[in-house]
Amino acid sequence: MNTSTLPLRRGASAEETRRRIEDTAEALFRSMGYQKTAVADIARELGMSPANIYRFYASKSAINEAIASRMLTGVEGDIWTIARGRDAASERLRLLLRTLHQRHMALFFSERRLHDMVTAAMNEHWGVVERFIHSIQTAIRHVLMDGLASGEFGGIDAEATAQSIKQATLAFTHPGLIAECMANIKSDAELAQDLEAMLDLILRALRP
């Protein structure tokens, strides 16, 4: 049984209560969509009053950000594991950007309502998304600096180049742009092929 659908037990700690609120909100976002889910819906599932929800989250927007943070933290962790790996910098950079693309594609196909929330978060510049984007760009810079140190890359400013790479690959890593491509002329296979061609171009440009 999914415990997020059970009423919250009496005497629960603040930490447990926050976790259950987020679990319940995420389940409702997946089934109803984040825009259609009201604080009253979350409270009803937990056997609480909306006023009690607001003791832990100042607004519905704060709950939205908490769920977006949950999702993006997992992606961010995977990206940094790759960035700090021991493979050649070029292979890490390719895998990092490919993984970012694949994670957003998986969200598009399997969790469309959550994909819509992440798209809105990026378009509306939610704070959690701004932090996520900064972290991803920093991970790219980390790989570039390793490549410079090893002689694999040359003649670049790591900070400026990381930003350029982020911009050059937006069509493959921004959920809104992915959705636009999928709605028009691209299949998932075509989009993946285009990404590989872009990565080949980037890596050729990075060589000393």
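This passage walks through a predicted model of a protein chain, from its overall fold to a few single residues.

The protein chain contains eleven helices and zero strands. Read from the N terminus on, its elements therefore follow the order α-α-α-α-α-α-α-α-α-α-α. Along the principal axes, the C-alpha trace spans about 65 × 40 × 30 Å. Of the 208 residues in the chain, 45% are buried.

How confident is the predictor, and where is its confidence lowest and highest? Across the protein chain the pLDDT averages 87, and 92% of the residues score at least 70. Helix α10, covering residues 175-183, has the lowest confidence, with a mean of 73, whereas α8 has the highest, at 96.

The interior of the model is considered next. In soluble globular proteins, nonpolar side chains tend to be buried together. In this model, the largest nonpolar core has 59 residues. The residues with the most contacts inside this core are Ile-53, Ile-63, Leu-93, Leu-96, Met-117, Ile-140 and Leu-144. Which helix gives the most to this core? That helix is α4, which spans residues 60-83 and provides eleven residues. With neighbours within four places in sequence left aside, Ile-53 is in contact with Ile-21, Val-39, Ile-42, Ala-43, Leu-46, Met-48 and Ile-63. One of these partners, Ile-63, is itself listed among the residues with the most contacts inside the core.

The largest pocket holds about 290 Å³ of space. This pocket is lined by 17 residues, and those closest to its centre are Met-122, Ile-133, Lys-166, Leu-170 and Thr-173. Which helices supply at least two residues each to the lining? They are α5 (89-110), α7 (127-150), α8 (158-168) and α9 (170-173). The greatest share comes from α7, with six residues.

Helix α4 contains both Ser-61 and Ala-62. Ser-61 counts as partly exposed because its relative accessibility is 47%, which lies between the limits of 20% and 50%. Ala-62 is also partly exposed, since its relative accessible area of 27% falls between those limits. The distances from these two residues tell a story about the fold. Ser-61 and Val-118 are 57 residues apart in sequence, and their C-alpha atoms are 13 Å apart in space. Ala-62 and Met-198 are 136 residues apart along the chain, with 37 Å separating their C-alpha atoms.

Is Ala-120 buried or exposed? This residue lies in helix α6, which covers residues 112-123. Ala-120 counts as buried because its relative accessibility is 10%, under the 20% limit. Apart from residues up to four places away in sequence, Ala-120 touches Tyr-34 and Trp-126. Asp-146 lies 26 residues from Ala-120 in sequence, and the C-alpha to C-alpha distance between them is 34 Å.

Arg-30 is partly exposed because its relative accessible area, 34%, lies between 20% and 50%. Which residues does Arg-30 touch, not counting those up to four places away in sequence? The partners are Glu-111, Arg-113 and Leu-114. Glu-111 is 81 residues from Arg-30 along the chain, and their C-alpha atoms are separated by 6.8 Å.

Note on methods
Residues numbered from 1 in each chain as written. Predicted model: local features only at pLDDT ≥ 70, side-chain atom pairs only at ≥ 80, totals over all residues. Heavy atoms only, no water. 1 Å grid on protein atoms, 1.4 Å probe; cavity = no way out; pocket = protein on both sides within 12 Å on 5 of 7 lines; lining within 4 Å. Points joined across faces, edges and corners; volume = space filled by probe spheres on them. Helix = DSSP H or I, 4+ residues; strand = E, 2+ residues; numbered from the N terminus. Core = buried A, V, L, I, M, F, W, Y, C linked by side-chain atoms within 4.5 Å. Buried < 20%, exposed > 50% of the residue type's maximum accessible area, 1.4 Å probe, protein only. Contact = heavy atoms within 4.5 Å. pLDDT = per-residue confidence, 0-100.
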